[in-house]
Amino acid sequence: MLQNVQDVASQAAQSAQVLGFKYLGAALCMAIGGMVPAFGEAQIVIRAIDGMARQPEIEGALFRAMIVGQSILETIAIYCLIVSIILLLVV
Amino acid sequence: MDEHLGERLVLNVPLGSLSLRFNLMTMIASWVVMVLLIVLALSLRRGLRQTIEEKPNRAQAMVDAVVGLLQSQLGAGFSSERLARELLPFVGTLFLFVLFLNWISVVPYLGGAPTEDLNIPISLAVMVLVMSHVVASRVHGVGGHVRGLFKPFAFLFPLHLLAELGRTTSHSFRLFGNLFGGGILIAVFSTALVPLVVPVGLNLFFGLFAGLIQAFVFAMLAVIYINNLVNE
């Protein structure tokens with residue numbers, strides 16, 4: 001009887017721990033995965049504004065390239081979002 | 001609130017051992033957008049019937065502005081004038097469709113944007129994939145296009161296939177993830193944190209502004225993918 005109760009208690013503790021790690025993993029994934037692409041996107045904006053200030057005549061082309069490059073970098077953050085959503089809702 | 005985030009109204013049609021699942025709100029919203037676009041196009045076309053000496057009426061001016069914007073932004077991404085003329089209707093329609101699908105998320109009781117459902121971005125991305133291969137085969141001939149997949153070395157063919165797969169995946173997940181993230185943020189803010197004024201601003205930003213940017217990015221990437229495959 002006592003053995004049984006101990007088993008159940010340890011199982012509950014273990015599942016609570018697993019749940020905690022699940023939330024921790026999702027939060028860390030989103031935090032780091034949002035931070036790193038943000039730095040990359042900032043670099044893109046800095047260089048694009050540099051170029052625009054130097055050559056205002058190609059501002060349109062630079063803006064288009066900037067938006068596309070940013071969106072490609074943003075995919076990394078989106079993948080992190082999907083991984084954390086899978087961690088939270090599916091696993 | 002958490003229980004309702006991933007919950008959707010699904011119509012289940014059993015079909016032998018398999019079953020077809022229809023996401024009802026997505027289908028309704030996308031059909032509404034389709035009807036809206038078709039009616040808009042037909043009514044605007046009727047407004048265009050005028051002789052060339054007249055002062056342009058409002059419909060003419062609006063269509064001119066929109067088409068000019070599409071030509072200068074999306075059409076400029078194509079490498080040749082002829083390709084741009086041929087594919088601008090396709091890419092422009094893609095842009096307008098995704099744009100209205102994103103913008104319809106600000107209408108209440110429709111369950112968010114239809115693009116928050118992964119099925120729609122994936123189907124649009126697969127459409128772009130098929131279209132890019134069709135256009136490339138028409139430019140180089142089917143044999144030339146297939147031979148192009150084995151260049152520069154024959155053993156790189158699996159890598160080419162993998163690249164196509166990854167490109168389509170990232171193309172669709174980019175649209176889905178951006179819209180889904182915005183939707184979750186709006187849902188959390190409007191139900192749990194500040195249900196009063198803030199959701200209006202969030203809807204403005206994520207629904208209208210980010211929707212416009214994401215629709216433009218989706219169409220622009222379609223242009224780039226088609227262009228790259230044709231020029232390979």
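Modeller: Let's start at Ile226(B), which is buried because 24 other C-beta atoms lie within 10 Å of its own. The cut-offs behind that word: 20 or more other C-beta atoms within 10 Å makes a residue buried, 12 or fewer makes it exposed, anything in between is partly exposed, and the C-beta atoms are placed from the backbone.

Before going on, a word on what you're looking at. This is a predicted model, where local features need pLDDT of at least 70 and side-chain atom pairs count only at pLDDT 80 or more, while totals for chains, interfaces and linings use all residues. Residues are numbered from 1 along each chain as its sequence is written, and chains are lettered from A and ligands numbered from 1 in the order in which they are written.

Back to our isoleucine. Ile226(B) sits in helix H8 of chain B; helices here are DSSP runs of H or I with at least four residues, strands are runs of E with at least two, and both are numbered from the N terminus. If you skip residues up to four places away in sequence, Ile226(B) touches Leu87(B), Met131(B), Ser132(B) and Val135(B). A contact means that two C-beta atoms, placed from the backbone, lie within 7 Å. Ile226(B) and Ala136(B) are 90 residues apart in sequence, yet their C-alpha atoms are 7.7 Å apart in space.

H4(B) has a kink of about 50° at Leu87(B), shortly before the proline Pro89(B). That angle is taken between axes fitted to the seven residues ending at a position and the seven starting there. From its first C-alpha to its last, the 23-residue H4(B) reaches 31 Å, close to the 33 Å expected at 1.5 Å a residue; the expected span is 1.5 Å times one less than the number of residues. The buried residues of H4(B) include Leu87(B), Val91(B), Leu94(B), Phe95(B) and Val98(B).

Leu94(B), Phe95(B) and Val98(B) turn up again in the largest nonpolar core, which has 42 residues; they are among those with the most contacts inside it, along with Phe218(B), Ala219(B) and Ala222(B). A nonpolar core is a set of buried Ala, Val, Leu, Ile, Met, Phe, Trp, Tyr and Cys residues joined through C-beta atoms within 7 Å. Helix H8 (198-231) of chain B supplies at least two residues of this core, as do H2, H4, H5 and H7 of chain B and H2 of chain A. The largest share, 12 residues, comes from H8(B). Leaving aside neighbours within four places in sequence, Leu94(B) is in contact with Leu124(B), Phe218(B), Ala219(B) and Ala222(B).

Elsewhere on H8 of chain B you'll find Phe206(B), which is also buried, because it has 24 other C-beta atoms within 10 Å. Beyond four places in sequence, Phe206(B) is in contact with Gly182(B), Leu185(B) and Ile186(B).

For contrast, go to Ser137(B) in helix H5 of chain B. It has 17 C-beta neighbours inside 10 Å and so counts as partly exposed.

H2(A) bends by about 25° at Thr75(A), and its buried residues include Ala77(A), Ile78(A) and Leu81(A). The contact between the chains takes 10 residues from chain A and 12 from chain B; the chain A side has 6 nonpolar, 2 polar and 2 charged residues. In that count Ala, Val, Leu, Ile, Met, Phe, Trp, Tyr, Cys and Pro are nonpolar, Asp, Glu, Lys and Arg are charged, and the others, Gly among them, are polar.

Stepping back, chain B has 8 helices and 2 strands, and 28% of its 232 residues count as buried.

How far to trust it? Chain B has a mean pLDDT of 85, with 94% of its residues at 70 or more; pLDDT is the predictor's confidence in each residue, from 0 to 100. Among the elements of chain B, H5(B) has the highest mean pLDDT (92) and helix H1 (residues 2-5) the lowest (48). Where pLDDT is low, the predicted coordinates should not be read in detail. For the complex, the predictor gives an ipTM of 0.71 and a pTM of 0.84.
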